[in-house]
Each structure stands twice: as structure tokens, then as C-alpha cells.
Amino acid sequence: MATEQSFSWTAFRHTPIIGILRGNSVEDCRAVAEICMETGFYTLEITMNTSRADRIITQLRGDFPELNIGAGTVCNLEDYERAVGAGAQFIVTPILDEEVILGAVAENLPVFPGAFTPTEIYRAWSLGASAVKVFPAGLLGPDYLREIAAPLDEVRLLPTGGITKGNIRAYFRAGAAGVGMGSGLLDDQLLETGDFKGIRAHFRAVRAEIEDLL
């Protein structure tokens with residue numbers, strides 16, 4: 001297991017974007033982590049349905065102590081225990097699983113559970129969620145987030161799904177405390193062709209969209 005180190009909220013707030021790595025190789029995950037360090041991104045999620053996810057989390061924790069390395073697609077307690085054992089510094093779920101939320105809260109581990117309706121979102125928050133992953137956010141867009149944020153203004157909302165360079169600013173203006181980005185941040189074609197210069201440029205361009213709002 002990686003050495004103990006708490007999730008850094010300061011680092012997250014510097015660039016409140018979670019880069020989501022799903023199905024990527026160990027080598028690609030390392031390359032992305034290095035690019036994160038170069039471009040001011042500090043939070044990466046490795047989904048538990050990625051091959052050798054445990055190994056990737058442990059390796060990135062050891063090699064990139066400045067980054068927040070967490071586990072995503074945590075759907076049950078078995079996934080949760082694997083993620084914790086690998087050294088994950090935060091937990092992200094696509095669903096509202098109360099046992100996972102309560103387990104993370106008991107261990108003082110930041111947890112971002114997935115929810116969609118106002119009732120689900122408030123339930124996740126009331127159970128102790130650090131922020132609520134509004135998923136799939138792209139289905140209804142920034143206007144939906146704005147409507148949710150108005151009555152539930154104490155809830156930290158983390159829209160995920162369909163976030164791109166073109167709409168990220170709208171989500172933050174609608175009340176997002178952060179966002180999760182998969183393909184909108186990590187272009188598979190650029191990774192496959194090894195165009196790391198292009199990936200760096202895209203990371204910087206995404207952050208530039210919200211820099212004045214942070």
C-alpha cells in the first residue's frame with residue numbers, strides 16, 4: 001500500500017477538475033500524471049473497471065506524491081476495499097451506494113457519490129459526501145445544475161459526464177464546485193498517437209477557460 005497522505009483540498013481547489021482515466025494502460029496513466037504536474041492539474045481518478053487499477057493507483061501514489069490519486073466507478077464495498085487497499089486518496093461512485101459513502105466518511109476519506117435527482121443529491125450530501133457527483137450532467141446541461149444549486153446552495157456539486165472545453169465555463173458559472181472530465185480532457189486519439197504536446201496544450205486551454213472564476 002502507498003504511504004499515507006491525505007487528500008489535498010488546496011491542490012484540488014487550484015484546479016478543481018478531476019481527470020478521469022478509464023481503461024488506460026499503466027504507461028498512459030503515468031504519462032498523463034506527468035502532464036498534470038506540468039500543467040497545474042492535481043487530481044486524477046482511476047476507475048476500478050480499468051485493468052490493473054489497483055496497481056496503477058498504488059504506483060501513481062508512490063511516483064507522484066504531489067497529486068491527488070483516487071478511485072472511480074466504486075460501486076460496492078468490494079470495490080471500496082480494493083481502492084483503499086491500493087492507497088486511493090478519494091472515492092468516486094457512479095451511483096448512490098450508502099454503504100460506500102458511510103464507509104468513506106468513517107475513515108475520513110473524501111467521497112464524491114454519483115446522484116442525479118434533487119432527492120438523490122441531497123441524500124448523498126446528508127450522508128456526509130464531500131461533494132456530490134451530478135451524473136450524467138451532460139444529459140440536461142448547465143441549466144439543470146443551476147436549478148439544483150439554487151435551493152441546495154450548501155451542497156458542493158461536481159458535474160461529470162459531457163464536460164468539455166466548450167461548456168466547462170458554463171458549469172462553473174452555474175454553481176459547480178468542480179467537475180469530472182474524461183474524454184473531454186483526455187483525448188484517446190492523442191494518447192494513442194503519443195501526441196503529448198497536444199495533450200499539454202489542451203490541458204492548459206481547458207484550465208484557461210475557468211482561470212478567472214477560481
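I take buried as under 20% relative accessible area, exposed as over 50%, and partly exposed as in between (1.4 Å probe, protein chains only).

I am working on a predicted model, where local features need pLDDT of at least 70, side-chain atom pairs count only at pLDDT 80 or more, and totals for chains, interfaces and linings use all residues. Residues are numbered from 1 along each chain as its sequence is written, and side-chain values use heavy atoms, with hydrogens and water left out.

Entry: salt bridges. I looked for a side-chain nitrogen of Lys or Arg within 4 Å of a carboxyl oxygen of Asp or Glu. I get 10 salt bridges by this rule.

Entry: lysine 165. I find lysine 165 partly exposed at 33% relative accessibility. Its salt-bridge partner is glutamate 209, with 3.7 Å between the closest N and O atoms. Glutamate 209 sits in helix H10 (residues 196–210) and lysine 165 in the loop between helix H7 (141–149) and helix H8 (168–173), so the pair ties together parts 44 residues apart in sequence. I took helices as DSSP runs (H or I, at least four residues), numbered from the N terminus. Glutamate 209 is partly exposed, at 25%.

Entry: arginine 82. I read a relative accessible area of 31% for arginine 82, hence partly exposed. It forms a salt bridge with aspartate 54, the closest N and O atoms lying 2.6 Å apart. Aspartate 54 is in helix H3 (residues 53–63) and arginine 82 in helix H4 (residues 77–86), so this pair links parts 28 residues apart in sequence. Arginine 82 also forms a salt bridge with aspartate 79, at 3.9 Å. These two are three residues apart in helix H4, about one helical turn. Aspartate 79 is buried at 12%.
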